[in-house]
Amino acid sequence: MENTPLSLVDRSAWQSLKTHFETISKSHLRELFANDPERGTRLSAEAVGIFLDYSKNRIDAKTLELLLQLAKESKLRERMDAMFSGEKINTTENRAVLHVALRAPKTASILVDGQDVIPGVHEVLDKMASFCERIRSKAWSGHTGKPIKNLVNIGIGGSDLGPVMAYEALRHYSDRSLTFRFVSNIDGTDFAEAVLDLDPAETLFIVSSKTFTTLETMTNAHTARAWLLQGLGGDESAVAKHFVAVSTNAKEVSKFGIDTANMFGFWDWVGGRYSMDSAIGLSTMLAIGPDNFRAMLQGFHEMDEHFRSAPFESNLPVLMGLLALWYSNFFEASTVAVLPYEQYLKRFPAYLQQLTMESNGKHVTLDGAVVGYQTGAIYWGEPGTNGQHSFYQLIHQGTRLIPCDFIAFNQPLNQVGRHHDILLANVFAQAEALAFGKTSDEVKAEGTPDWLVPHRVFEGNRPSNLLLIDELTPNTLGKLVALYEHSVFTQGVIWNIDSFDQWGVELGKVLANRIVPELEGQDEPNLAHDSSTNNLIRRYRRAKQSA
Ligand code: F6P
């Protein structure tokens with residue numbers, strides 16, 4: 001087929017990158033900077049208000065040229081067009097991949113199976129907005145007539161991580177008269193602690209689940225229902241005033257007892273980890289209001305348009321995707337650290353973990369052949385400066401190469417004394433220290449005794465990107481998330497994998513469902529697992545019996 005690229009390792013750019021790596025991997029960022037005084041400004045790109053400094057990466061002009069050639073040989077442009085036009089690029093689930101439609105303007109038109117999906121998107125957004133206005137203006141009363149003050153989102157994975165991250169990220173813009181809680185874990189502690197100080201008469205649950213069958217979410221939703229009814233005297237009609245659903249599965253929603261008039265829908269072409277800007281963002285809209293939510297969607301859309309139209313050499317998601325792949329496949333770096341110097345982004349690394357690892361943690365290509373190269377890296381991180389006092393030691397002086405993405409904002413959302421200048425000084429300093437390090441001559445010149453010198457040397461040559469954005473707003477958050485979404489896509493296209501399925505989560509779910517009755521049954525079960533699992537089950541049963 002004309003559109004099928006050669007196998008990755010046979011592409012000519014890949015072969016050239018392999019040879020090129022042998023040279024460039026021996027260069028130090030100190031030399032690369034010394035030889036090119038303009039490097040720090042030249043190797044940067046800016047679009048839609050996001051400035052990316054990628055000069056502190058272990059690349060030169062040739063590396064970039066070859067990586068961009070690899071993107072072309074991998075048919076990135078064609079795959080982008082296929083995604084944006086609603087083709088069913090999630091082949092293993094036979095689905096279109098259209099999170100970009102969630103933030104497209106009313107005037108757009110995107111067809112799936114001959115049907116324009118855009119009017120439906122805006123219908124749901126309008127329905128969400130009018131519900132949010134009713135809650136925020138206290139027009140919606142609970143069963144006893146009290147207004148709703150507490151919103152509890154019940155969901156897991158993409159139905160939790162996006163809402164939690166966005167709530168924390170945009171807390172500055174949120175209605176502080178409302179309390180938000182998020183329950184995801186099957187561990188009963190999550191639910192118990194979330195509702196501990198809440199009055200059921202003032203509490204509304206948002207049950208968020210694409211499928212409305214996820215074990216954790218449905219168990220938590222039933223527990224919430226029982227908690228509510230117990231608190232409100234057992235009248236079943238209370239459920240209608242205290243539960244709404246976000247789902248694609250109307251049948252299961254009404255089976256649970258939620259009126260489908262209070263259901264906010266989305267579609268099978270929205271992947272869970274790509275859904276924070278769909279109705280799954282209902283808690284976000286409740287917190288920040290419909291106008292701010294629309295500003296966030298506008299931010300997503302601006303980044304989508306940049307991704308779709310900018311030439312690859314100045315395309316932020318393409319550049320970031322290619323750099324991530326360069327370290328994964330050539331330097332064999334297994335992880336990427338994401339280090340936001342913004343306290344409100346404290347859940348951003350956790351959010352990115354699902355986005356990146358559920359998308360690109362794949363071991364076969366689209367046609368089912370085992371890949372002969374590494375795919376998705378492990379993403380992790382914490383906000384700066386906290387991480388500096390824990391794991392940065394390993395990044396600076398450990399034996400592993402850990403590419404870092406630093407994220408910083410020019411304007412603080414809370415202007416407190418000198419804090420912001422000190423925060424920004426730290427993020428710039430960390431990127432500088434990682435790249436340039438400190439030589440033994442420099443250490444000696446400080447009067448360090450010889451025996452201590454090796455311990456105080458920083459090799460440097462540790463790569464990083466720095467994203468500098470003016471201010472954290474709903475709009476810039478949308479841009480930032482879309483930047484990573486499309487960077488993940490870029491990598492997935494080059495690896496020729498399905499970035500939109502998640503079969504890897506199935507086996508554990510099936511096995512857990514099999515084990516539940518073996519833990520709960522009165523009679524000693526006839527166990528047929530391996531000897532380790534059998535032993536663990538027996539020990540747990542004995543502990544339960546003697547408790
Ligand atoms: O863990 C797998 C997964 O399917 C994720 O992809 C998804 O975000 C999460 O479970 C929750 O699924 P649902 O929204 O259907 O409850």
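Tutor: Rings of Phe, Tyr and Trp (its six-membered ring) pair if their centres lie within 6.5 Å; planes under 30 degrees apart count as stacked, over 60 as edge-to-face and the rest as tilted. Here, Trp14, Phe21, Trp326, Tyr327, Phe330, Phe331 and Tyr373 form one aromatic cluster. Keep in mind that this is a predicted model, where local features need pLDDT of at least 70, side-chain atom pairs count only at pLDDT 80 or more, and totals for chains, interfaces and linings use all residues. Residues are numbered from 1 along each chain as its sequence is written, and side-chain values use heavy atoms, with hydrogens and water left out.

Student: How many aromatic pairs does the rule give?

Tutor: The count comes to 29 aromatic pairs. Take Phe131 and Phe264: their ring centres are 5.3 Å apart and their planes are at 50°, so this pair is tilted.

Student: Which parts does the pair of Phe131 and Phe264 tie together?

Tutor: Helices (H or I, at least four residues) and strands (E, at least two) are DSSP runs, numbered from the N terminus. Phe131 lies in helix 6 (residues 118-136) and Phe264 in strand 9 (residues 263-265), so the pair links parts 133 residues apart in sequence.

Student: Are Phe131 and Phe264 buried or exposed?

Tutor: Buried means under 20% relative accessible area, exposed over 50%, partly exposed in between (1.4 Å probe, protein chains only). Both Phe131 and Phe264 are buried.

Student: What about the rings of Phe205 and Trp227?

Tutor: Their centres are 5.7 Å apart with planes at 90°, so the pair of Phe205 and Trp227 is edge-to-face.
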